[in-house]
Amino acid sequence: MGRITIGSASVKLDDRLIAHLELVFVTKLRRHEPFIFRWTKDVSVGGGRESKWVQPSGDIDIRFDSRARIPINPAWVEALMATANSPSGLYIVPEPDPGESVDPLAEAAWPTTRD
């Protein structure tokens, strides 16, 4: 479990997921495209959801637990990028099979019900 820290907010995630999110972050920020990153918080830290505004001048720290290079699934990067380009912002979607064409916005990937 690595972590992504944006400002003072930090989220622990699987290294495989972080490797894919990192590509989305770098691509969006290199293009000077700010976005919202949303995630659900673990029950052990109170649960709920958190959102952070990510911009090129922001303080972002991405750390991996493992030193191993992680194979990238282009279909997952594409699905994550689709959420980042949406009004809802970047949120975590399940990893599709490699080569699978997925429209994460067609599914209710981000919860729309109120807790």
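These legends walk through several close-ups of one predicted protein model.

Before you start, residues are numbered from 1 along each chain as its sequence is written. Local features here need pLDDT of at least 70, side-chain atom pairs count only at pLDDT 80 or more, totals for chains, interfaces and linings use all residues, and side-chain values use heavy atoms, with hydrogens and water left out.

**View 1**
Helices (H or I, at least four residues) and strands (E, at least two) are DSSP runs, numbered from the N terminus. Follow the sequence and you get β-β-α-β-β-β-α-β. Of the 115 residues, 36% count as buried; buried means under 20% relative accessible area, exposed over 50%, and partly exposed in between (1.4 Å probe, protein chains only). The protein exposes about 7,200 Å², with carbon and sulfur atoms supplying 49% of that area. Those accessible areas come from the Shrake-Rupley method with a 1.4 Å probe, and for residues, only the protein chains shown count as cover.

**View 2. Here is an open sheet of three strands in the order 2-1-5.**
The pairing is antiparallel, and two strands pair if DSSP finds at least two bridges between them. Strand 2 (9–13) and strand 5 (60–63) stand at the edges with a single partner strand each, so one side of each has no neighbour in the sheet. From one strand to the next, the twist averages 10 degrees. Axes are lines fitted to C-alpha atoms, for helices over the stretch in contact, and angles run from 0 to 180 degrees between N-to-C directions.

**View 3. Zoom in on strand 1 (residues 2–6), which is joined to strand 5 by four bridges.**
On the strand 5 side, Arg3 stands opposite Arg63, and Thr5 has Asp61 as its bridge partner. On the strand 2 side there are five antiparallel bridges, and Gly2 stands opposite Leu13. Strands 1 and 2 form a hairpin with two residues between them, and Gly7 in the turn has a positive phi of about 60 degrees. Strand 1 is mostly covered, with four of its five residues buried.

**View 4. Now for an open sheet of three strands in the order 4-3-6.**
The pairing in this sheet is mixed. Its edge strands, strand 4 (49–54) and strand 6 (90–91), each pair on one side only. Strand 3 (residues 35–40) pairs with strand 4 in the antiparallel sense over six bridges, and Phe37 stands opposite Lys52 of strand 4.

**View 5. Helix 1 (residues 15–30) lies across strand 1, strand 2 and strand 5.**
Helix 1 runs at about 30 degrees to strand 1. Helix 1 also lies across strand 3, strand 4 and strand 6, at about 160 degrees to strand 3. Contact means heavy atoms within 4.5 Å.

**View 6. The largest pocket has a volume of about 210 Å³.**
On a 1 Å grid over the protein atoms alone, a pocket is an open set of points where a 1.4 Å probe fits, with protein on both sides within 12 Å along at least five of seven lines; lining residues have an atom within 4 Å of a point. Grid points are joined across faces, edges and corners, and the volume is the space filled by probe spheres set on the points. The lining includes Met1, Lys12, Trp39, Asp42 and Glu50. Strand 2 and strand 3 are the elements that give two or more residues to this lining, and strand 2 supplies the largest share, four residues.
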